[in-house]
Amino acid sequence: MGPPGPIRSVGTCILLAIVTLGIYTFVWVWKTHDEIKNHSGNGIGGPIGFVIYLLVSPVTWFIVPMEIRDMMARNGQTSRVTPIWGLWFLLPIIGAFVWFIRVQEQLNDYWRSVGALG
């Protein structure tokens with residue numbers, strides 16, 4: 001296992017996404033995919049994750065929870081988010097918030113469990 005990713009404030013990420021008119025979401029997707037791949041050795045990585053998000057963003061809503069679930073399973077942990085969480089994209093606006101909050105909180109909890117500070 002590689003180094004854990006950073007703990008990210010859910011509120012700060014949401015604020016950055018709003019202030020940048022959504023541009024920060026692309027940064028978040030790239031970094032999240034990259035950190036998962038660097039830590040676990042598996043996953044699609046930042047560049048491919050970015051391209052998928054750019055071309056067919058709803059697919060990312062399923063891939064990120066899947067990568068978190070798989071990463072946690074390899075570490076003997078159970079994830080609260082699964083690929084089915086991607087269906088939140090069907091609920092405009094509020095679905096994005098629910099999905100992001102749950103996914104980032106799960107990711108933060110995992111990073112803390114493997115030694116990240118914050």
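Biologist: Why is Asp70 called partly exposed?

Modeller: Happy to start there, and keep in mind that this is a predicted model. Asp70 has 27% relative accessibility; buried means under 20% and exposed means over 50%, so a value in between is called partly exposed. Arg69 gets that label too, because its relative accessibility is 31%.

Biologist: What makes Arg69 and Asp70 a salt bridge?

Modeller: Their closest N and O atoms are 3.0 Å apart. The cut-off is within 4 Å, so the pair qualifies. The structure holds four salt bridges.

Biologist: How do you know that Asp109 and Arg80 form a salt bridge?

Modeller: Their N to O distance is 2.8 Å, and the limit is 4 Å, so they count. Asp109 lies in helix H4 and Arg80 in the loop between helix H3 and H4, so the pair ties together parts that are 29 residues apart in sequence. Asp109, at 33%, is partly exposed, and so is Arg80, at 42%. Arg112 joins these two in a network of salt bridges.

Biologist: Which parts does the salt bridge between Arg8 and Glu35 tie together?

Modeller: The side chains of Arg8 and Glu35 meet at 2.6 Å, N to O. Arg8 sits in the segment before helix H1 and Glu35 in helix H2, so the link spans parts 27 residues apart in sequence.

Biologist: Are Arg8 and Glu35 buried or exposed?

Modeller: Both are buried, a label that requires under 20% relative accessible area.

Note on methods:
Residues numbered from 1 in each chain as written. Predicted model: local features only at pLDDT ≥ 70, side-chain atom pairs only at ≥ 80, totals over all residues. Heavy atoms only, no water. Helix = DSSP H or I, 4+ residues; strand = E, 2+ residues; numbered from the N terminus. Buried < 20%, exposed > 50% of the residue type's maximum accessible area, 1.4 Å probe, protein only.
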